[in-house]
Amino acid sequence: MICIIASCQDVYDMCSYMEDQKDRLTILMITVMFALSIGISILMTRKFKVLRQSVQYVAEGHTDEQIKEIGYTEVREIAGRFNEILGKMQILEDSRQEFVSNVSHELKTPITSIKVLAESLLTQPDADASLYREFMSDIVEEIDRENEIITDLLALVKMDKKVANMNVETVNINELIEGIIKRLKPLAQKREIEIGFEPFRPVVAEIDSVKLSLAITNLIENGIKYNEDHGWVHVYLNADHRFFYVKVEDNGVGIPEEYQDQIFERFYRVDKARSRETGGTGLGLAITRDVALLHKGAIKVHSTPGEGTTFTMRIPLTYTS
Ligand code: ADP
């Protein structure tokens, strides 16, 4: 039998030393981690601070500025998305400014003519009655033109109100087109232009009849306006199980290919002089396209200069908002 006698004091000392070391190490680790997390968060928020300052600058009204795409992937992605939105806003702002400047120009033109006509009468105190009558009828024409522009502008503004403004009902499209042609016949007869209507089948659809009438009227009216005397305009109506199609074909002056995309833009006219002569405002096709889009439809053009033009409008038979 072996008997060992030893003091436990050393073991106790060692244990308490280890305990102390463990506490110190824990405190040290907590301090280091705390310092590290503060350091990292300072670093991270510095990038967000730059982003916030950039956004603030744009929010103050400097919308033509871009946000700096720097820092971590996420920050760069957020800044990139912001810049995309800013780009779209800038395009909208540019087109708004262009529209306002076009409207001002178009509205000013008749007023300038009226002023010139009235001033030339004022500078001729002994002008005879026939001259007065002639100038007055020119002034009335200019006033009518101003009125037409304002009416078309109001129609466009109504289209901009989108779906809320749609007054949808079930309408017989054959009768709607017959009514429009009846109204436009006197205009065509003045220039001995023949208008024909060929429906392939009876069509009933859910549409806003006021808006769609305006769109189809614009297309047929253009077929008459941009045509030679003794020409023709043919309207076709067809349908499948989802859509109906209104095709307006004329044998008029046609539209050169390079202008065919632009004719749907507000105030765009291929031949300004001819359009003005025929009382055009340059807004008709913009209104027609808006009407097609409001009905979730589409419009396309096919034209050959000197041979004629065909507009095809596709509208769903059932309206979905
Ligand atoms: P406008 O009031 O000048 O007729 P629109 O928006 O209706 O304006 O048409 C835009 C332009 O497209 C017209 O100025 C004209 O040059 C051209 N255009 C439209 N329809 C026809 C057509 N059927 N034949 C030839 N040109 C056309």
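Start with the largest pocket, which has a volume of about 1000 Å³. A pocket here is an open set of points on a 1 Å grid over the protein atoms alone, where a 1.4 Å probe fits, with protein on both sides within 12 Å along at least five of seven lines; lining residues have an atom within 4 Å of a point. The volume is the space filled by probe spheres set on the points, which are joined across faces, edges and corners.

Before you click on, know that this is a predicted model: local features need pLDDT of at least 70, side-chain atom pairs count only at pLDDT 80 or more, and totals for chains, interfaces and linings use all residues. Residues are numbered from 1 along each chain as its sequence is written, and side-chain values use heavy atoms, with hydrogens and water left out.

Now select Glu221, Asn222, Lys225, Tyr226 and Gly280: of the 44 lining residues, these are the closest to the centre of the largest pocket. Next, colour α5 (209–225), which gives the most to this lining, with nine residues. Helices such as this are DSSP runs (H or I, at least four residues), strands are E runs of at least two, and both are numbered from the N terminus.

Move to the second largest pocket, with about 410 Å³ of space. Select Ser95, Glu98, Phe99, Glu265 and Arg266, which lie nearest its centre among 15 lining residues. Helix α2 (residues 73–122) supplies the largest share of that lining, seven residues.

For the next stop, show the surface and pick Leu25, Met29, Phe48 and Phe82, which are among the residues making a nonpolar patch of about 1100 Å². Patch members have over 30% relative accessible area and no salt bridge, and nonpolar side chains (Val, Leu, Ile, Met, Phe, Trp, Tyr) are joined within 5 Å. Accessible areas come from the Shrake-Rupley method with a 1.4 Å probe, and only the protein chains shown count as cover for residues. A salt bridge is a side-chain nitrogen of Lys or Arg within 4 Å of a carboxyl oxygen of Asp or Glu. Helix α1 gives the largest share of the patch, nine residues.

Most residues other than glycine have a negative phi. Yet Glu192, in the loop between α4 and β2, has a positive phi of about 50°. Phe267 also has a positive phi, near 70°, and sits in the loop between β5 and α6. Which is buried or exposed? Glu192 is exposed, at 53% relative accessibility (over 50%), while Phe267 is buried, at 5% (under 20%).

Notes
Patch = residues over 30% accessible without salt bridge, like charges linked within 9 Å, V, L, I, M, F, W, Y side chains within 5 Å. Buried < 20%, exposed > 50% of the residue type's maximum accessible area, 1.4 Å probe, protein only.
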